[in-house]
Amino acid sequence: MKPGQVNPVMATVMIIITNMIPLYNVWYHGWSCFNLILLFIVEGAVVVLMDAIKRFFMPEDKRGGVLPFEVVFITFFGFFAILVFGRDKNSSDLVQTIQSSFHAARVLQFWPVAGIFAMRLFRTLQELMASGALRGGGRQPLLYSGGGWVLQLFALVMLAPFIADKSPNPMAGLLAIIVLKTMGEVAVLWVERKTK
């Protein structure tokens, strides 16, 4: 590992710990597919927020990129996912569907969201420290995390109903979704490290 680089083993451990939050809730609290998707959407919003923080520490010429796409994607795709997965299946009225969907979104508890936020903030601080941004000099360039993450979120949200709702064991399906998400994040981390 070069000086000024985020330790990839530590970053891998942080990814695994972050993904233990939904795993714990599915295993011990019997979370539904909707709860899991909702937490993924919230995590996507947190990733966008962390990228917005990183933007302030980037050179002017590097501030563009995917951040506007991330904001638009998380906003509209999050709205779509909540609308599709949280709606009352017996309703055909659009206004009632929107109301029931966002009412269903209230099921997400505070502590998993706070845990995801804390872990993502810690990971962002690691990147800022490694880049030298907090000490005034840049050693490792800062990169936005959300570009690949929003694509992974899209795939997970599309797969979740098929793996979890259509399988004979929905809990095993949800656990498989979390394992796939963890493996995807770790793979992206190590591929980025190899290509730098």
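At what angle do the axes of helix H2 (residues 33-55) and helix H5 (residues 110-131) cross? The legends below take up this point after an overview of the predicted model.

**View 1. Overall make-up of the predicted model.** The protein has 7 helices and 0 strands, where helices (H or I, at least four residues) and strands (E, at least two) are DSSP runs numbered from the N terminus, and its elements run α-α-α-α-α-α-α from the N terminus on. Of its 196 residues, 44% count as buried, a term that means under 20% relative accessible area, with exposed meaning over 50% and partly exposed in between (1.4 Å probe, protein chains only). Among contacts (heavy atoms within 4.5 Å) between residues at least 6 apart in sequence, 75% join residues at least 24 apart. The accessible surface, from the Shrake-Rupley method with a 1.4 Å probe, comes to about 10,600 Å², of which 70% belongs to carbon and sulfur atoms.

**View 2. The crossing of H2 with H5.** The axes, which are lines fitted to C-alpha atoms over the stretch in contact, with angles running from 0 to 180 degrees between N-to-C directions, come within 10 Å and cross at roughly 30°. H2 is therefore roughly parallel to H5, since angles under 35 degrees count as roughly parallel, over 145 as roughly antiparallel, 65 to 115 as roughly perpendicular and the rest as oblique. On the H2 side the contact includes Leu39, Val42, Glu43 and Met50, and on the H5 side it includes Val113, Phe117, Arg120 and Glu127. The residues of this contact divide into 13 nonpolar, 1 polar and 4 charged, where Ala, Val, Leu, Ile, Met, Phe, Trp, Tyr, Cys and Pro count as nonpolar, Asp, Glu, Lys and Arg as charged, and the others, Gly among them, as polar.

View 3. Lys181 is buried, with a relative accessible area of 0%. Leaving aside residues up to four places away in sequence, Lys181 touches Asn19, Phe40, Glu43, Trp149, Gln152 and Leu156.

**View 4. Met158 in helix H6 (residues 146-165).** Met158 counts as partly exposed because its relative accessibility is 31%. Its contacts, not counting residues up to four places away in sequence, are with Phe77 and Phe80, while its C-alpha atom is separated by 9.2 Å from that of Ala81, 77 residues apart along the chain.

**Notes.** Residues are numbered from 1 along each chain as its sequence is written, and side-chain values use heavy atoms, with hydrogens and water left out. In this predicted model, local features need pLDDT of at least 70 and side-chain atom pairs count only at pLDDT 80 or more, whereas totals for chains, interfaces and linings use all residues.

Key
A crossing is left-handed if the near helix is turned anticlockwise from the far one by less than a right angle, and right-handed if clockwise.
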